[in-house]
Amino acid sequence: MYTHSNHIPQPPHSAGLDYKGLRPRIDSAQVPSPIEAIELDRQAWETKLYMTLPGTHTPLCTSDFVAVDQGNSSPKFVRVSTWNMPSTSRLVSDSHFPVAAVFQPFADLDPREEPVPLVDTGSTGPARCATCRAYINPWCTWVAGGVRWKCNLCSHETEVSPEYFCNLDANLLRLDHLQRPELNKGTIDFDVTSAEEYWAQNPPPHIAQPFSSVEGPPKGPRAPAPLEYVFAFDVSNEAVVSGFLQSVCDALKVVLFGSTNANGAIEDSHFPPSSKIAIVTFDSTLHFYDLTSEVTQMLVVGDLDEVFIPTLSLFVNPVEHRPAIEALLDGLPGRFYDAMSTNSALGSAIRGGLAALAGRGGHIVLFQTTLPNVGAGALPLTPPSETTLYDTDKEKTLHSPRDSTWISIGEECADEGVGVSMFLAPSKYMDTGSVCVVSNLTGGEVFWHPRFVLERDAAIVRGQLSRLVGRMQGYNCMVRIRCSHGLQVKEHYGLFLRSTPTELTFAQLSSDSAFCAELEHTRNLSTRSYAYLQCAVLYTSVDGQRRVRVVNLAVNVVELAGSLFQFADMETVLCHLAKEAMSSMSQQRSLLIREELTEKCANLLLGYRTQCAAATRPSQLIIPEAFRALPAYTLALQKTKPLKARQVSSDVRNYHIHRILGMSTRTLMSYLYPQLIALHDLNDTIALPHTLENEDGTTIEKVLMPAYNEEMMIFWVGSSVSPQILSDLFGVDDVHSLNPHMHTLPVLPTTLSTQVHNILAHRYAQRGKPTKMYIARQNLDAAEVEYSDMLVEDQNNGAMSYLDCKISIPSEMEVIELNFGHAPFRSCSFAYANIERGAFPLSLRRCLR
């Protein structure tokens with residue numbers, strides 16, 4: 001450890017809101033900290049396994065745990081807002097408890113865990129219920145000597161096909177039970193490539209088809225095939241001058257063919273060996289490239305309204321045609337250097353890639369720098385007057401497409417099974433509210449690099465592109481969530497196209513993508529049986545197999561509110577609230593959304609108090625153990641870029657709306673509450689940081705650097721920092737000698753340097769792609785404001801501090817109680833209830849303050 005001053009002033013930050021009224025005297029050490037629960041749970045699951053049978057507490061999504069599939073899916077694939085399902089809708093309304101589930105069907109598993117089993121079902125397909133069409137799973141039962149099986153969702157008995165029949169033992173289990181993964185595992189993959197009824201269907205042709213291919217519109221079912229990519233490059237003057245075109249061309253070469261870095265280490269290719277690629281460039285026209293000939297031909301299409309494909313030789317295997325691809329990528333920046341075109345036909349380029357992939361499905365990866373101003377979906381160059389629209393009823397128009405053509409393009413891509421991902425590097429207004437709707441409807445991903453800097457962003461783009469093509473993913477996806485009798489899906493939230501009220505279309509679904517389903521009761525549930533959820537994802541794998549990923553979950557049913565809150569899952573509740581809030585951004589003002597979030601938080605805590613702790617004093621705010629950090633995370637959600645009560649560009653807001661809609665619970669928790677590490681407090685004997693504990697049991701962190709929130713990592717350097725720290729980490733001994741434009745840490749032969757590089761490597765291993773790094777020197781660099789805004793417990797981002805927020809919650813609850821005729825709060829004191837030990841008020845200790 002290094003010696004340092006105990007006083008560290010707060011960095012400059014954006015303005016916040018003051019607490020209005022008389023402020024009660026509150027000991028900040030008694031206010032719950034989100035970090036404490038995270039650290040305790042992480043330590044608890046480091047050395048033990050999680051068994052997935054119902055009735056046990058699940059690990060937090062922020063913990064690295066190993067799950068053993070016992071017929072219930074791992075929490076990595078599905079999480080519910082409570083692991084004890086309420087038996088009646090009355091219990092839900094009285095408790096003000098949101099019942100929701102978050103699914104991440106392709107989530108990455110720990111290397112120590114068993115992979116998801118793959119079962120080949122032949123031409124007949126997997127066994128399914130004749131009534132509700134649910135897939136057979138470990139919770140089904142066998143009747144009539146194994147001739148029929150009873151569906152756990154609808155209780156219908158379905159005849160067993162002769163080829164699937166097997167006799168039962170004395171326990172009414174099949175004799176081949178242990179040899180059938182679908183009867184033992186909660187998460188399973190069925191191979192249905194041979195069953196034509198499971199193939200993707202080509203959509204009917206449009207009356208006015210905006211694109212066409214040489215082969216004509218395909219009809220009928222499409223045979224599964226390996227995933228194909230179209231890489232489309234914006235070659236306008238802005239892309240060339242900024243260095244973005246050169247950067248993405250170099251990044252694509254590395255992803256396709258691998259490379260050797262400066263240290264001599266070989267970086268292997270992450271591109272799927274069975275996939276083919278096509279390369280397209282565009283400015284005011286579209287340029288297709290025939291890579292099969294000895295001399296690469298550029299075929300120009302000038303018709304931007306009815307795009308057509310001029311040749312059948314667009315797609316090639318990158319390994320077999322490596323020289324032609326490398327020569328083309330090396331020559332693109334120079335070829336368009338003198339073109340000086342400022343136009344961009346992005347919408348027509350998407351339709352050009354769609355025409356190339358029609359009848360097969362695939363993935364379009366776009367690299368864009370300017371506002372699309374010609375062709376399909378051309379947008380006006382003049383941006384809307386955002387300052388006059390914020391905090392008015394017209395604010396919601398900033399989060400909707402200015403041209404409905406973009407919605408049509410997104411729907412066309414989704415129907416064809418074509419995902420669209422975008423790398424955006426604008427230097428001025430781009431209208432992401434219009435452009436990103438295509439990725440929103442197809443399940444694609446958006447990567448945001450405003451004011452592109454080659455030295456800072458090139459490595460990040462390369463890492464993101466590598467993750468994009470190398471992760472687990474499927475395309476041509478159809479998703480359906482089925483529930484027990486008595487439950488139904490009320491609403492879905494995420495990045496998809498809703499083809500029917502119960503079916504979701506994902507043109508592309510990856511291991512980083514998650515979606516949420518809000519549930520409601522249609523009748524009472526029996527406490528003598530489980531409540532069941534089943535999520536089925538019909539998809540085509542990257543190597544061309546048609547599969548069904550089935551995620552099964554069984555949870556207990558309870559009648560008491562205490563049992564409901566005892567097994568509550570705060571992360572799932574927050575993920576549901578966040579995705580619901582983002583979905584309503586185009587329908588109402590952000591001010592109303594922030595107020596609704598505060599009301600929902602207060603309602604939930606009031607529901608616990610009235611149902612589980614009614615005997616406590618009205619002046620005491622009782623917080624359940626599971627939701628002890630809910631006010632902190634609700635406040636953090638209100639301070640995110642889309643919802644913060646300060647001027648934020650609509651481009652930035654819409655990008656972050658897209659990000660949150662597709663985030664998993666783990667990513668969202670890190671995004672809402674950035675991780676902060678005191679580098680000067682690192683012990684010399686450890687490789688990775690941990691929270692330090694004092695003799696009195698409190699935890700402490702005196703200097704916060706770096707801050708990490710899934711989007712960026714900022715090293716905050718105090719003005720009075722020890723010269724030895726600077727020397728050991730940056731190789732300089734003075735703050736003013738530190739380069740503020742440093743974007744990678746130097747590798748130095750010091751313990752601190754090794755530790756910090758271990759931290760960065762650990763973060764990279766967790767998320768699979770790098771993040772941007774900034775240096776924020778105290779009172780010197782602009783990045784310090786962004787860093788300070790990450791300190792969500794402080795008074796900033798147009799909102800109150802965490803302490804003031806906690807004080808204001810009783811006032812909100814007082815209003816609610818007065819409306820329902822209860823006694824109001826007159827003062828405020830804090831306690832939380834551990835339901836397992838009884839609802840006893842316990843003092844809380846602050847963490848990291």
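Angles under 35 degrees count as roughly parallel. That cut-off is used in the first view of this predicted model.

**View 1. Helices α6 and α8 pack with a crossing of roughly 15°.** Helix α6 covers residues 346-357, and helix α8 covers residues 405-415. Their axes come within 11 Å. The crossing angle is roughly 15°, so α6 and α8 are roughly parallel to each other. The crossing of α6 past α8 is left-handed. On the α6 side, the contact uses Leu346, Gly347, Ile350, Arg351 and Leu354. On the α8 side, Thr405, Trp406, Ser408, Ile409, Glu412 and Cys413 meet them. By class, the residues of this α6 with α8 contact are six nonpolar, three polar and two charged.

**View 2. Strands β7, β8 and β9 form an open sheet.** The sheet has three strands in the order β7-β8-β9. Their pairing is antiparallel. Strands β7 (141-143) and β9 (157-159) are the edges, and each pairs on one side only. From one strand to the next, the twist averages 35°. Strand β8 spans residues 148-150 and is joined to β9 by three bridges. Within this part of the sheet, Trp149 stands opposite Thr158 of β9.

**View 3. Helices α13 and α17 pack at about 80°.** Helix α13 runs over residues 570-583, and helix α17 over residues 665-672. Their axes lie 10 Å apart. The angle of about 80° therefore makes α13 roughly perpendicular to α17. From α13, the contact takes in Met570, Glu571, Leu574, Cys575 and Ala578. From α17 come Thr665, Leu668 and Met669. The residues of the α13 with α17 contact divide into six nonpolar, one polar and one charged.

View 4. The mean pLDDT of the chain is 87. A pLDDT of 70 or more is reached by 87% of its residues. Residues 689-704 have pLDDT below 50. Beyond near neighbours in sequence, that stretch has 42 contacts in the model.

**View 5. pLDDT stays under 50 over residues 821-849.** For this stretch, the model has 97 contacts beyond four places in sequence. Where pLDDT is low, the predicted coordinates should not be read in detail.

Key: Residues numbered from 1 in each chain as written. Predicted model: local features only at pLDDT ≥ 70, side-chain atom pairs only at ≥ 80, totals over all residues. Heavy atoms only, no water. Axes fitted to C-alpha atoms, helices over the stretch in contact; angles between N-to-C directions. Helix = DSSP H or I, 4+ residues; strand = E, 2+ residues; numbered from the N terminus. Parallel < 35°, antiparallel > 145°, perpendicular 65-115°, else oblique. Left-handed = near helix turned anticlockwise from the far one by under 90°. Contact = heavy atoms within 4.5 Å. Nonpolar A, V, L, I, M, F, W, Y, C, P; charged D, E, K, R; others polar. Pairing = 2+ DSSP bridges. pLDDT = per-residue confidence, 0-100.
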